[in-house]
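Student: I would like to go through the terms used for this model. Please set each value against its definition.

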Amino acid sequence: MTDQSPGEEEFLTRWVVWLRHAKGLLLVPLLLTIVIAGIYWRWQVLRQTAPTSTHYGITPADIEVVPRSDWIDRHDLLRKVVRDASLDDRLSLLDADLTERISLALRDHPWVKRVKRVEKFHPPRIKVTIEYRKPVAMVVRPDGAGPSDEFVVDSNGIRLPVTDYVVDRKPLEYLAQIRNVPMNVPPIGKQWEDGRVVGAAEIASAIGPFWKDFSLLAIEPSAQPVPGSTHTYTFDLVTRGGQKIP
């Protein structure tokens with residue numbers, strides 16, 4: 001064994017220390033790769049099992065719709081939306097598209113004016129805040145024949161479905177009747193194209209709760225637009241006693 005000078009021993013010591021540090025640094029990326037791979041694998045397993053897991057599973061019964069509607073049963077509304085939108089009974093809080101799917105399904109319903117927000121909570125629960133359309137008037141047939149309650153409209157003249165939705169049909173009797181307009185009935189959920197219907201619906205909405213208090217019965221638009229216009233009509237309010245108010 002040859003003798004080593006102090007300088008050579010110091011050099012070898014530093015070299016060994018550097019190798020040890022270098023070995024540790026090389027292990028860091030390997031360990032990070034292993035950890036990331038483990039997390040990814042765990043996430044894949046969790047994503048596949050989550051829909052059936054009681055910790056993340058959602059059923060239609062776990063979806064709450066607020067606020068309460070004075071006209072329709074919100075629980076019945078939700079059941080019909082879930083059925084029509086093909087939202088199955090095995091939903092998951094971990095589904096990134098869940099809130100968007102629920103929002104789109106409700107937004108397309110004629111009784112829903114706007115979906116304000118959809119919130120997810122744990123334990124598994126969904127809270128949906130919506131704004132309902134409000135019926136303000138009923139377009140009646142000129143001859144008075146046939147059912148008219150299917151032609152209920154909101155303040156924008158959008159036709160609302162009544163059958164299977166309205167909880168109490170009696171308030172429908174106090175809606176403004178829109179008379180003497182052509183019965184070009186739009187599909188449910190679509191706006192009436194006749195400006196007389198839309199204008200009458202806006203008037204009924206503006207009078208609002210005073211409609212019944214003033215003993216008003218109907219709104220009758222003029223048959224023709226005012227001179228010099230193609231879309232502006234005049235309207236008469238008709239009381240339950242038969243008096244007409246221009």
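**Terms and values**

Tutor: Start with a loop: Ser 215 sits between helix 5 and strand 9. Helices (H or I, at least four residues) and strands (E, at least two) are DSSP runs, numbered from the N terminus. This is a predicted model: local features need pLDDT of at least 70, side-chain atom pairs count only at pLDDT 80 or more, and totals for chains, interfaces and linings use all residues. Residues are numbered from 1 along each chain as its sequence is written, and side-chain values use heavy atoms, with hydrogens and water left out.

Student: Why is Ser 215 called partly exposed?

Tutor: Buried means under 20% relative accessible area, exposed over 50%, and partly exposed in between (1.4 Å probe, protein chains only). Ser 215 has 37%, so it is partly exposed.

Student: What makes the phi of Ser 215 worth a remark?

Tutor: Its phi is positive, about 55°, although Ser 215 is not a glycine. Most residues other than glycine have a negative phi.

Student: Why does Asn 180 count as partly exposed?

Tutor: Its relative accessibility is 45%, so Asn 180 falls in that class. Asn 180 lies in the loop between strand 8 and helix 4. Its phi is also positive, near 60°.

Student: What caps the N-terminal end of helix 4?

Tutor: Asp 194 does: a side-chain oxygen lies 2.9 Å from the backbone nitrogen of Arg 196. Helix 4 is followed by Gly 208, with a positive phi near 55°.

Student: Which residues of helix 4 are buried?

Tutor: Among them are Val 197, Val 198, Ala 204 and Ile 207. Their cover includes strand 6 (137-139) and strand 10 (235-239).

Student: What makes a set of residues a nonpolar core?

Tutor: The members are buried Ala, Val, Leu, Ile, Met, Phe, Trp, Tyr and Cys residues, joined through side-chain atoms within 4.5 Å. The largest such core has 33 residues; Ile 63 and Val 128 are among those that touch the most other members. Apart from it lies another core, of 20 residues, including Ala 204 and Ile 207.

Student: Which peptide bonds are cis?

Tutor: One joins Val 66 and Pro 67, with omega about 0°. Another joins His 122 and Pro 123, with omega about 5°. Most peptide bonds are trans.

Notes. Contact = heavy atoms within 4.5 Å. Polar contact = N/O pair within 3.5 Å; in protein donor to acceptor, adjacent residues only side chain to side chain.
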